[in-house]
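Reader: I am new to this structure. Please take me through one part of it closely, the paired strands and the contact that ties into them.

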Amino acid sequence: MGLASRSSSGFPFTFDTDAGNASTHAWVEVYLPRAGWSGFGPTSGKVTGNRHIAVAVARHPEAAPPVAGSYLGPSGQHLLLRVAVRFGALAA
């Protein structure tokens with residue numbers, strides 16, 4: 001159809017009490033003339049919007065993992081990861 005598309009990964013904005021709170025999420029987007037980038041979350045079956053916080057976008061899903069990295073240090077260590085998204089006024 002000649003439309004540009006991309007994969008996005010990030011977090012859905014949820015409240016502390018919502019199921020799936022702080023879970024990573026992925027969705028697809030297509031660029032529509034006059035509308036811009038429009039996304040669709042296949043997991044939820046919903047159109048994306050301002051409740052989706054993109055962390056990475058790429059042409060191929062494997063190029064936009066929600067978390068990637070490596071560790072160099074003593075063996076036997078354990079990783080604890082916490083993610084918090086807070087909205088508020090930006091500091092000047």
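Author: First, a term. Buried means under 20% relative accessible area, exposed means over 50%, and partly exposed lies in between, with a 1.4 Å probe and protein chains only. By that scale Glu29 is buried, at 11% relative accessibility. Arg6 is partly exposed, with a relative accessible area of 23%.

This is a predicted model: local features need pLDDT of at least 70, side-chain atom pairs count only at pLDDT 80 or more, and totals for chains, interfaces and linings use all residues. Residues are numbered from 1 along each chain as its sequence is written, and side-chain values use heavy atoms, leaving out hydrogens and water.

Arg6 and Glu29 form a salt bridge (a side-chain nitrogen of Lys or Arg within 4 Å of a carboxyl oxygen of Asp or Glu). Their closest N and O atoms are 2.5 Å apart. The pair links distant parts of the chain, 23 residues apart: Arg6 sits in strand S1 (residues 5-12), Glu29 in strand S2. The count by this rule is one salt bridge.

Now the strands. Strands (E, at least two residues) are DSSP runs, numbered from the N terminus. Two of them pair if DSSP finds at least two bridges between them. S2 (residues 25-32) pairs with S3 (residues 36-41), antiparallel, over five bridges. Leu32 has Gly36 in S3 as its bridge partner. Three residues lie between the strands of this S2 and S3 hairpin, where Arg34 takes a positive phi near 70 degrees.

S3 also pairs with S4 (residues 46-47), antiparallel, over two bridges. Here Phe40 stands opposite Val47 in S4. The hairpin of S3 and S4 has four residues between the strands, and Gly45 takes a positive phi near 70 degrees.
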